Amino acid sequence: RSIHSYIQTPGYSVSRDDMLRLNRAMQQFIAPGDWVVISGSLPAGAPKSTEWEMVRQSQRLGATVVLDTSKEDLKRGLDAKPYMVKPDLRELEMLTGLRLKGDEDGIVAAALQIARSGVEVVIVSRSAAGVIVASREPERVWLAKVMVEGHTRSAPLVGSGDSLVGGITYGLFNNKPLVEALRLGVACGAANLLTVGPAKFNLGDVERLASQVQVRELELSAAP
């Protein structure tokens, strides 16, 4: 049998000059109507306010911003009100102060709490349990999931969240309704399980899985 190892090491550090070059690059390349995905963790040397500043600068340049980071970086970036965020369950607890035990009602309430703070779309990733997505206007919540048979990835989650965000963003950028963009994103995340390497998948797998994604709208009566 084959063995795939996932090795994670600290990234490089950045200087003040690096941050100034990033700022200039954003001004040069971001245009009105663009979608900007800010993801990953901050490198050493970057100011703690970097995510907040990147979100705000992208917005000033006319872009729609998606934020997919973690821990305090996510919390600070959320204050800039990006269009879309993707917390997992632990991050959702950190952001809302709610204790979640995996039940849908609690997750829906927490996701809506973030949406009501000014974020248009909140994606809550839950691995095989499916994805819960809340929208602010109109206030609606969906559960989407798909069964993936036959995957053999030794580290199956690596890259699936990135693929999920990329698929949803691509769909929204191309003016698909949120439900259809969600279907595409879930299919991309699932297709990632079928190939070796993070965020690499076959278009044929995405198309096949997209037709199998089950999307169900959840009742809001249980959410405060």
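A polar contact here is a pair of N or O atoms within 3.5 Å, where one must be able to donate a hydrogen and the other to accept it. Keep in mind that you're looking at a predicted model. With that in hand, let's go through a serine, the nonpolar cores and an aromatic pair.

**Ser 125**
- You'll find Ser 125 in strand S4, which covers residues 121–125.
- Its side chain makes a polar contact with the side chain of Lys 86, at 3.5 Å.
- Ser 125 has a relative accessible area of 17%, so it counts as buried, the cut-off being under 20%.
- Setting aside neighbours within four places in sequence, Ser 125 is in contact with Lys 86, Pro 87, Asp 88, Leu 89, Gly 130 and Leu 164.

**Nonpolar cores**
- The largest nonpolar core has 31 residues, and Ile 114 and Val 122 touch the most other members.
- Helix H5 (residues 104–116) is the top contributor to this core, giving seven residues.
- Not counting residues up to four places away in sequence, Ile 114 touches Leu 78, Val 85, Leu 92, Leu 95, Thr 96, Val 119 and Val 122.
- Another core, of 28 residues, lies apart from that one and includes Ala 144, Ile 168, Ala 191 and Leu 193.

**The aromatic pair**
- There's one aromatic pair in the structure: Trp 35 and Tyr 83 sit edge-to-face, 5.4 Å centre to centre, with 75° between the planes.
- The pair links distant parts of the chain, 48 residues apart: Trp 35 is in strand S1 (residues 35–39), while Tyr 83 is in the loop between helix H3 (71–78) and strand S3 (84–85).
- Trp 35 is partly exposed at 23% relative accessibility, and Tyr 83 is partly exposed at 30%.

Conventions:
Residues are numbered from 1 along each chain as its sequence is written. This is a predicted model: local features need pLDDT of at least 70, side-chain atom pairs count only at pLDDT 80 or more; totals for chains, interfaces and linings use all residues. Side-chain values use heavy atoms; hydrogens and water are left out. Helices (H or I, at least four residues) and strands (E, at least two) are DSSP runs, numbered from the N terminus. Buried means under 20% relative accessible area, exposed over 50%, partly exposed in between (1.4 Å probe, protein chains only). Contact means heavy atoms within 4.5 Å. A nonpolar core is a set of buried Ala, Val, Leu, Ile, Met, Phe, Trp, Tyr and Cys residues joined through side-chain atoms within 4.5 Å. Rings of Phe, Tyr and Trp (its six-membered ring) pair if their centres lie within 6.5 Å; planes under 30 degrees apart count as stacked, over 60 as edge-to-face and the rest as tilted.
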